[in-house]
Amino acid sequence: MPTPTTTLALGPDWLDPEWLISTFGLLGILAIVFAESGLLIGFFLPGDSLLFTAGLLTADGQYITYPLWLVCLLITIAAIAGDQVGYAFGKKVGPALFRRPNSRLFKQENVVKAHEFFEKYGARSVVLARFVPIVRTFTPIVAGVSGMRYRTFVLYNVIGGILWGTGVTVLGFFLGQIPFVKTNIELILIAIVVISVIPIVIELLRARMAARRGTTPAERDELEHAAQETQQHRRGY
C-alpha cells in the first residue's frame, strides 16, 4: 500500500502540489508545467515542488501509476512546449510588453527582472531560468522580445527542459524512497520552496537598494531601450 504523504499547507489547496496531483493527475501536472514555463498567467503556479512531489508519488505508486520514464518524458515535453509558446508570444508582442500596464496577474517588475537575467547570462539564461521561479516564466518571453536566434533558443530550451523537467522529477523519485524523506515530506517541500525563492529575495533586496539610490526608473528606461535595439539586431544571437 502506498504511504500517504503529508499535505503541504503553505497556501490554498490549488497551490498544494499533492492536492493538485491527487485531483488532476498527470494531465494536471503537464498543464501546470506548460503554463508555468511560458504563459504570463502561470508565474504563480508551483514548479519545483510540483515536480519533486510528482517524482515522489510516482515512486509510491500513489495517484501516478505510470512508469518514471514516461512521466519524465511527458513533463519535459510540456516544459519545452511551454517555453516555445512563451518565445513565440514575446516575438509577436515585441517591446510593447515593456509598456504593458500592471494588473492583478501581470507585474511589470517581473518582466524587468527577467530581462536583467537575460542580459546578464545571454543564451544560457534559458537553461538557468528553469531553476528560478517567476523568472522561469518570463525568460522565454523576453528571449522572443529580444530577437534571440530561434535555433539557439530551441537548443537551450531543450537542454533546460530536460535538466529541469527530468532532473527534479527523478530527484523526487529516488529521494522519495528514503524513509526520512517520506516521513518529513512537508519539511522537504518547504526547503525546496525556500531554496527556490532565494534568488528572488536577493533580487528584491538589490531592487530596493537601487530604488533608494533613485536609479530604478532610469534602469527601466534603459531596459526598454535595450529591448528595442535587440529587436532590430536579431543576429546578435
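**Helix packing and cores**

Author: The axes of α1 and helix α6 (residues 135-145) come within 5 Å of each other and cross at roughly 60°. Axes here are lines fitted to C-alpha atoms, for helices over the stretch in contact, with angles from 0 to 180 degrees between N-to-C directions. Helices (H or I, at least four residues) and strands (E, at least two) are DSSP runs, numbered from the N terminus.

Reader: Before we go on, what kind of model is this?

Author: This is a predicted model, where local features need pLDDT of at least 70 and side-chain atom pairs count only at pLDDT 80 or more, while totals for chains, interfaces and linings use all residues. Residues are numbered from 1 along each chain as its sequence is written, and side-chain values use heavy atoms, with hydrogens and water left out.

Reader: OK, back to that pair. Which residues of α1 and α6 meet?

Author: From α1 you have E36, S37 and G38, and they meet R136, T137, P140 and I141 of α6. Contact means heavy atoms within 4.5 Å. By class, that contact has two nonpolar, three polar and two charged residues. For the classes, Ala, Val, Leu, Ile, Met, Phe, Trp, Tyr, Cys and Pro are nonpolar, Asp, Glu, Lys and Arg are charged, and the others, Gly among them, are polar.

Reader: And α6 itself, buried or exposed?

Author: Buried: 11 of the 11 residues of α6 are, so the helix is largely enclosed by the rest of the structure. Buried means under 20% relative accessible area, exposed over 50%, and partly exposed in between (1.4 Å probe, protein chains only). R136 is one of those buried residues, and so are F138 and V142.

Reader: What goes on with the backbone at either end of α6?

Author: Just after α6, G147 takes a positive phi of about 75°. Phi of I134 is near 70°, a positive value in a residue other than glycine. I134 counts as partly exposed, at 22% relative accessibility.

Reader: Zooming out, how many helices and strands does the protein have?

Author: There are 10 helices and zero strands. Of the 237 residues, 47% count as buried. Among contacts with a separation of 6 or more, residues 24 or more positions apart account for 80%.

Reader: Which residues touch the most other members of the largest nonpolar core?

Author: That core has 26 residues, and I21, I29, V33, F52, I64 and I75 touch the most other members. The elements giving two or more residues to this core are α1 (17-38), α2 (48-60), α3 (68-93), α7 (150-175) and α9 (185-212). α1 gives the most, with eight residues. A second, separate core of 14 residues includes A114, A123, I141 and A143. A nonpolar core is a set of buried Ala, Val, Leu, Ile, Met, Phe, Trp, Tyr and Cys residues joined through side-chain atoms within 4.5 Å.

Reader: What is I64 in contact with?

Author: Leaving aside neighbours within four places in sequence, I64 is in contact with I21, I29, A54, L57, T58 and V71.

Reader: I also had T53 and V168 flagged. Where are they?

Author: T53 lies in helix α2 and is buried at 3% relative accessibility. Not counting residues up to four places away in sequence, T53 touches P17, E18, I21 and L189. V168 is in helix α7 and is also buried, with a relative accessible area of 12%. V168 and C72 are 96 residues apart in sequence, yet 9.3 Å apart in space, C-alpha to C-alpha.
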